[in-house]
Amino acid sequence: MSVSMGQLEEARRALDAPLFADVAGDLNVSFEFFPPKTAKMEESLWDAVKTLEPLGPKFVSVTYGAGGSTRERTHATVARIARETSLAAAAHLTCVEASREEIDAVAEEYWAAGVRHIVALRGDPPTMGDKFVPHPQGYANAAELTAGLKKLHPFEISVAAYPECHPDSVDQASDIDNLKRKIDAGATRAITQFFFTPEAFFRFRDAAAAAGITADIVPGILPVSNVAQTRKFAGMCGAEIPAWMDRLFEGLDDHPGARSLVAATIAAEMCRKLYAGGVRDLHFYTLNRAELSFAICHLLGLRVKRLAGVVAA
Ligand SMILES: Cc1cc2nc3c(=O)[nH]c(=O)nc-3n(C[C@H](O)[C@H](O)[C@H](O)COP(=O)(O)OP(=O)(O)OC[C@H]3O[C@@H](n4cnc5c(N)ncnc54)[C@H](O)[C@@H]3O)c2cc1C
């Protein structure tokens with residue numbers, strides 16, 4: 001990838017100035033939520049949505065549980081966001097254990113509810129560690145799902161990408177071929193799995209560009225405050241957690257406040273480096289908590305925007 005003068009200057013500034021001094025805030029952000037199970041979880045989700053809404057995200061998205069287990073809850077959450085907020089809402093949708101007809105019916109419901117953006121995914125088998133087997137009448141993978149959705153309606157489609165390679169891929173080249181198939185099928189944006197070294201993202205972005213992928217590749221940012229839990233999940237999805245991160249969290253088990261501050265610091269620094277490398281779109285895995293993502297966005301220069309004529313506080 002060629003590096004422009006602007007980027008060199010930016011990189012220099014990142015080294016010379018205090019890390020977060022006067023970052024312009026010229027970023028698009030998006031926030032991912034999961035559908036709540038209980039009334040209490042619903043309340044905290046809604047708090048998170050309301051806290052993050054004034055930052056003016058490009059969109060927010062709601063995940064889809066394994067095997068369609070959250071079908072109704074995902075729909076209810078996306079529909080409520082579309083109905084009650086100013087936010088553009090995207091629904092995640094997977095191919096797991098459903099026929100094409102069933103998946104198409106879910107997509108039709110979204111279209112009817114005014115949802116125009118789908119995050120199209122293959123999904124994982126319901127039992128962790130099993131190999132993915134497509135439903136006999138189903139979509140075999142995310143590329144097929146993307147093509148199927150595009151046949152139904154002109155949805156905006158985002159898909160997943162893996163800077164450190166998807167575990168089912170033999171190598172990165174075939175993983176990038178797979179991403180290209182998804183883009184060629186009609187996706188316009190790839191959102192990455194979380195990662196913890198900016199270099200992993202930059203290498204992946206370069207490899208994707210070399211393969212002719214011109215769609216936006218948006219880094220997925222996971223602010224980690226529970227390393228053990230993240231490590232469990234990272235094992236399944238091919239993301240590496242550097243050993244220094246464990247060491248940073250040592251001794252903080254009984255200090256949730258300190259853990260959050262450390263989590264925000266680590267994630268914000270990575271975002272700052274991504275910004276220095278030209279990244280202007282970031283997708284936050286919020287885990288339905290607003291404060292970490294809000295703090296990171298603030299450090300990156302984002303400020304609350306006026307909402308429909310009122311000053312959002
Ligand atoms: C941003 C993001 C959001 C996510 N949201 C959810 C969610 O809401 N719900 C959920 O259950 N999961 C979610 N996931 C996880 C995702 O479902 C899993 O990572 C899953 O294992 C792969 O899904 P995919 O869409 O990347 O699959 P695909 O792109 O279809 O493929 C995954 C891998 O399978 C192989 N493959 C696929 N097709 C072919 C082919 N034709 N030939 C050879 N190899 C092939 C490739 O190795 C490819 O890398 C999300 C992941 C990300 C990054």
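The dialogue below takes up strands, a helix, a loop residue and the core in turn.

Tutor: This is a predicted model, in which local features need pLDDT of at least 70 and side-chain atom pairs count only at pLDDT 80 or more, while totals for chains, interfaces and linings use all residues. Residues are numbered from 1 along each chain as its sequence is written, and side-chain values use heavy atoms, leaving out hydrogens and water.

Student: In what sense do β1 and β2 pair, and over how many bridges?

Tutor: Two strands pair if DSSP finds at least two bridges between them; helices (H or I, at least four residues) and strands (E, at least two) are DSSP runs, numbered from the N terminus. Here β1 (residues 28-33) and β2 pair in the parallel sense over four bridges, with S61 of β2 as the bridge partner of E32. Strand β3 (residues 89-94) runs parallel to β2 and is joined to it by three bridges; there, A90 is the bridge partner of S61.

Student: Which residues of β2 are buried on each side?

Tutor: In a regular strand the side chains alternate between the two faces of the sheet. Buried means under 20% relative accessible area, exposed over 50%, and partly exposed in between (1.4 Å probe, protein chains only). In β2 (residues 59-62), F59 and S61 are buried on one side, and V60 and V62 are buried on the other.

Student: Which residues of helix α8 are buried?

Tutor: In α8 (residues 227-237) they are V227, T230, A234 and C237. They lie on the same side of α8 because they cover an arc of only 85 degrees around the axis, the arc being that of the directions from the helix axis to the C-beta atoms. The face turned away from this buried side carries the exposed residues A228, Q229, K232 and G235. Beyond the helix follows G238, with a positive phi near 85 degrees.

Student: Is T286 buried or exposed?

Tutor: T286 is buried, with a relative accessible area of 5%, and lies in the loop between β8 (281-285) and α11 (291-299). Its contacts (heavy atoms within 4.5 Å) include F31 and S293.

Student: How many residues has the largest nonpolar core?

Tutor: In soluble globular proteins, nonpolar side chains tend to be buried together. A nonpolar core is a set of buried Ala, Val, Leu, Ile, Met, Phe, Trp, Tyr and Cys residues joined through side-chain atoms within 4.5 Å. The largest here has 87 residues, and F31, L149, L179, L282 and F284 have the most contacts inside it. Helix α10 (residues 256-276) gives the most to this core, with nine residues.

Definitions and conventions:
Lists of a residue's contacts leave out its neighbours within four places in sequence.
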